[in-house]
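Here is a short briefing on a structure. Please look at the sequence and the model first, then read on by topic.

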Amino acid sequence: MTEMNMAQALNDALDVALSADDRVVLLGEDIGVTGGVFRVTDGLHERYGPRVIDTPVAESGIVGAAFGMAIGGLRPVAEIQFLGFAYPAFDQIVSHVGRIRNRSNHRFTAPLVIRIPFGGGIGAAEHHSESSEAIFVHTPGIKVVAPATPADAKGLLLAAIIDSDPVVFLEPIRVYRAIKEEVPEGHYTVPIGEAKVVREGSDVTLVSYGAMLRDAGRAADALEADGVSVELIDLRTLSPMDHQTVVGSARKTGRVVAVVEGHRTASLASEIAAVVQEQALYSLLAPVERVTGWDTVVPLRRTEHHYIPNPDRIAAAARRTLAG
Amino acid sequence: MDMLRILDVDGSLIGESPVDLNEARRLFAAMVTARVYDRKGSALQRQGRFATYAQFEGQEAAQIGAVAALRPDDWLVGTYRDAAAMWMQGYPWDALLLGRMGDERGGAPPVGVNVLPPSITVGGHMIHAVGLAWAERMKGTDRIALTLFGDGATSEGDFHEAMNFAAVYTTPTVFLCQNNGWAISMSRAGQTASETIAQKADAYGMPGVLVDGNDLFAVLTATRKAVRRARAGEGPTLVEALTYRIGPHTTSDDAGRYRSDDDIADWRKKDPIERLRAHLRSAGAWDEAWERETEEAASAEIEAAVSRAEALEPFAAEGMFDRMYAKPTGALEAQRRLQQGDAS
C-alpha cells in the first residue's frame, strides 16, 4: 500500500496495465511528453514510448482511431482533456462505439476506454467545468464509470481496461489532488456496476458519485452532529447503475437524497428518483429530493459556487425529508 | 491534375493492363455478378422484401477494381453503397441480404473476413480504417485497411481528421473516394470548390491520384500502387475514382427532382462493364454465352441466398437485450422482463 492522490492512482493503474499487456495503448492530446494536462500520464511516455501517443487536436479522430484500434485487437485508452471538449467525439461514441457489437451481432467489439476529466469547482474557463455525464448514460452500448476516491479510481480503471465493452471513464477534476489514501499495489479491480455503501445509517440515504461524494460526506457529518443517522452511497458506476444497492438503502431508511453536479433535468438524480419510486415507493417516508446543478451553463469562476451543490444544500434537502 | 485511364471509353487499351486476360475475365465476371445483385436489390425493395436499398450501378469498376488490389486478410471499411466491394472481399451474399432485410446478423461476416458492416452515417467510418491499420502495424502484421467513401463524405470534418491522422502516423490506410457526382441532391460542384478531390491529399502530405473510376484497369492500377505503398510502411494514399451514380440515392429518392436524364445517358455510354467487355471481345476473351452463363450463375447463387435469408427466423423479441454488451446489464435484464410482461 502506498498513499496516493487520484491522479497518482490513475497513473499507477495505467502503468500497471501498460506493463501487463502489450495491447494497451494510450492516445490523446498532450499525454506523452507533457504527461497530460492533469499529469495523469506523467512518465508513461518515457517508459512505454510509442504506446503512449500524442495526437493532433482532434477529439473525434482520437476516439474514432481508438475505436478502430480496439476492433483491430488493441486495448486503447483514449484521453479527452475535458468533458466540455468531448462533444466533437460524441458522434463516434453514440454512432459507432456504442453500436458496433449490436450492429455486427457480437462479431466485432470495441473494448476501449475513454478517460475524461469532468466537473467544476476549480474556477476554470468556460467548457472546463461540465457535468454532462447524463448524455453518456443515455447512450446505449457503453458503460459509464465515475470514481470518487484514489483506490476506487485505480481499481475501476483497471476493470475498465479489461472490460469487453467500451467504457467512458469520468475523472472528477476537483478530486485529482484533493484527497490521498492508501492504494493497493499492482493489479486489482473494482467491479464495474457495483455501488459502495460508504457509511451505513438508518434515517436518510444520500446517493452521489464523483466530486459530489465528498460534499455529501460533509453534509452527512453535519447531519450526524445533529443526531441524524446517514447512509452514504457512492454509485461509482453510472451505467449500468446498481439499482439493488440504492433501492435496498431506500427501503431501509425511507428517505433518499440524490446529489449530482450535472444539470437537473433528466439527470442521474432524476433516474435515481425514478428507480426508487418504482421499486421502493411504499417504504418512502418523504419525496425523493434532488440536489443538482441547475439547467444553466455552469457559471464562470466568480459565481460558480452558486451552481455546484454544497454541503449546506445537501443537508437542507436531507432535513426536508426528515421534516414530515 | 491528369486522370489515369488505361481502357478508353470504347474499350481500347491505351496503357498497360495491370492483369492478364484470365484475371481480367475473373474481374469482369465479378462486375457482372455485382450488377445482378444490384438489380435484384432494387427489385426486392419494390417487392417489400428489402428495406431501403442504395444502388451502386455504374460504380462496379471502382469497387471491384479497388478490392482486387487487396489481400484476402486486409481490412475493408465502406458504406451502404459498397456491397460490390464488400462481397468481393469475402462478405457473403447472405449477410449482405440480411442487412438489407433488416436483421443484425447481416452485420456479422464470418471470422476471417475483415470487412466491417457498412457505415450508414456519412464520413465517420474513415478514421476506423486508420485505427485498424494502425493496430495491425502495432501488432506487427502487414495488413492494410482500405476505406471507401463518396464525394459527399469529403465535406465532413471527419474526413479531415482521418486523412490527417493517417498521414501524421503514416498508417497503412488507402482512402478511395468514389466521386459519383452526387450526394443525394447535392452535386459535386456544390460539394467543394477544389478542382479535384484527389488534390486535397496534397494538403495532408500524402499522394493523391485521380483515376477514371469506370475503368477497372485504372482503378486497380492506382489502388494496387497505394496498397503496396501502405504495406511497405510508406503511408496512406488518396485515390479519387471519378464515376457516376446511375441510380437515385436510394430507392426512396426521386433523382428527377434535381438532375436531368441527359446526364445519365451520357454516363451510360461510359459504362464500366461495357468498357471491359469491349476490351475482352477485341482480345478474343469474351462471348455472349459466357456472359449469360455468368449472369445466370450469379442469379441462382443470389436467389439461393435470398431463400436462406428469408427462411431464417427473425430474432426473438428479446434479442435486442442480448446484443448491447458481452453480458446484459441488470438494467437490460429488468427491461427484458418488462418487455416480455407487457407483450404477453
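Two residues are in contact if their C-beta atoms, placed from the backbone, lie within 7 Å. Helices (H or I, at least four residues) and strands (E, at least two) are DSSP runs, numbered from the N terminus. This is a predicted model, in which local features need pLDDT of at least 70, side-chain atom pairs count only at pLDDT 80 or more, and totals for chains, interfaces and linings use all residues. Residues are numbered from 1 along each chain as its sequence is written, while chains are lettered from A and ligands numbered from 1 in the order in which they are written.

**The sheet of chain A**

- An open sheet of seven strands runs in the order β3-β2-β4-β5-β7-β6-β12 (chain A), with mixed pairing; two strands pair if DSSP finds at least two bridges between them.

**Strand β4(A)**

- Strand β4 (residues 75-79) of chain A runs parallel to β5 (residues 113-118) of chain A, and three bridges join them.
- Bridge partners here include A:Glu79 with A:Arg115 and A:Ala78 with A:Ile114.
- β2(A) also pairs with β4(A) in the parallel sense, over five bridges; A:Leu26 has A:Val77 as its bridge partner.
- Five of the five residues of β4(A) are buried, so the strand is largely enclosed by the rest of the structure.
- A residue is buried if 20 or more other C-beta atoms lie within 10 Å of its own, exposed if 12 or fewer, and partly exposed in between; C-beta atoms are placed from the backbone.
- A:Arg75, A:Val77 and A:Glu79 point one way from β4(A), and A:Pro76 and A:Ala78 point the other way.

- A:Ala89, A:Gln92, A:Ile93, A:His96 and A:Val97 are buried in α4(A).
- Seen down the axis of α4(A), these buried residues fall within an arc of 115°, so they line one face of the helix; the arc is that of the directions from the helix axis to the C-beta atoms.
- The cover over the buried residues of α4(A) includes α3 and α5 of chain A.
- Chain A gives 35 residues to the contact and chain B gives 34.
- On the side of chain A that touches chain B, α3 (59-71), α4 (87-97) and α5 (100-103) of chain A are the elements that give two or more residues.
- The largest share of that side, nine residues, comes from α3(A).

**Chain B**

- Helices α2 (residues 60-67) and α9 (residues 216-231) of chain B pack at an angle of about 35°, with their axes 8 Å apart.
- α2(B) brings B:Ala61, B:Ala62, B:Ile64, B:Gly65 and B:Ala66 to this contact, and α9(B) brings B:Leu216, B:Val219, B:Leu220 and B:Thr223.
- B:Phe149 lies in strand β3 (residues 145-150) of chain B and is buried, with 27 other C-beta atoms within 10 Å.
- Leaving aside its neighbours within four places in sequence, B:Phe149 is in contact with B:Thr79, B:Gly123, B:Met126 and B:Cys177.
- B:Phe149 and B:Asp82 are 67 residues apart in sequence and 8.6 Å apart in space, C-alpha to C-alpha.

Conventions
Axes fitted to C-alpha atoms, helices over the stretch in contact; angles between N-to-C directions.
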